[in-house]
Amino acid sequence: MSANRRWWVPPDDEDSVSEKLLRKTRQSPLMPIGLGGCLVVAAYRIYRLRSRGSTKMSIHLIHTRVAAQACAVGAIMLGAVYTMYSDYMKRMAQDAGEK
């Protein structure tokens with residue numbers, strides 16, 4: 001067992017976390033929007049936690065989870081619609097070029 005207690009360092013050929021995030025953002029531009037929406041909803045609901053009134057904690061947490069998931073699913077759906085539309089437009093342009 002090594003006495004070296006430094007943090008684990010990835011090999012030189014592996015990307016860092018920030019490089020992976022940037023690469024994924026370029027591949028799927030709506031991913032940060034969904035992630036940001038989840039974070040905003042969670043932050044807002046945590047902020048509103050003090051003024052929840054007589055609502056049980058479990059109900060408050062369920063509502064928070066549902067709202068955050070709605071942001072993520074909405075971003076995924078927008079990405080899917082955008083991809084389908086762009087593929088359709090490319091195919092239509094290709095078909096028009098063949099005629």
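Tyr85, Tyr88, Met89 and Met92 make a nonpolar surface patch of about 410 Å². Such patches join residues with over 30% relative accessible area and no salt bridge, with nonpolar side chains (Val, Leu, Ile, Met, Phe, Trp, Tyr) within 5 Å; a salt bridge is a side-chain nitrogen of Lys or Arg within 4 Å of a carboxyl oxygen of Asp or Glu. This is a predicted model, in which local features need pLDDT of at least 70 and side-chain atom pairs count only at pLDDT 80 or more, while totals for chains, interfaces and linings use all residues. Residues are numbered from 1 along each chain, and side-chain values use heavy atoms, without hydrogens and water.

**Overall picture**
- Of the 99 residues, 9% are buried, meaning under 20% relative accessible area, with exposed over 50% and partly exposed in between.
- The accessible surface (Shrake-Rupley, 1.4 Å probe) comes to about 8900 Å², and 64% of it belongs to carbon and sulfur atoms.

- Methionine 92 sits in helix H3 (residues 57-98).
- With a relative accessible area of 39%, methionine 92 is partly exposed.

- Gly34, Gly37 and Val41 are buried in H2.
- They lie on the same side of H2, because they cover an arc of only 60° around the axis, taken from the directions to the C-beta atoms.
- The buried residues of H2 pack against H3, with contact meaning heavy atoms within 4.5 Å.
- Facing away from the buried side of H2 are the exposed residues Leu39, Val40, Ile46 and Tyr47.

Conventions:
Patch = residues over 30% accessible without salt bridge, like charges linked within 9 Å, V, L, I, M, F, W, Y side chains within 5 Å. Helix = DSSP H or I, 4+ residues; strand = E, 2+ residues; numbered from the N terminus. Buried < 20%, exposed > 50% of the residue type's maximum accessible area, 1.4 Å probe, protein only.
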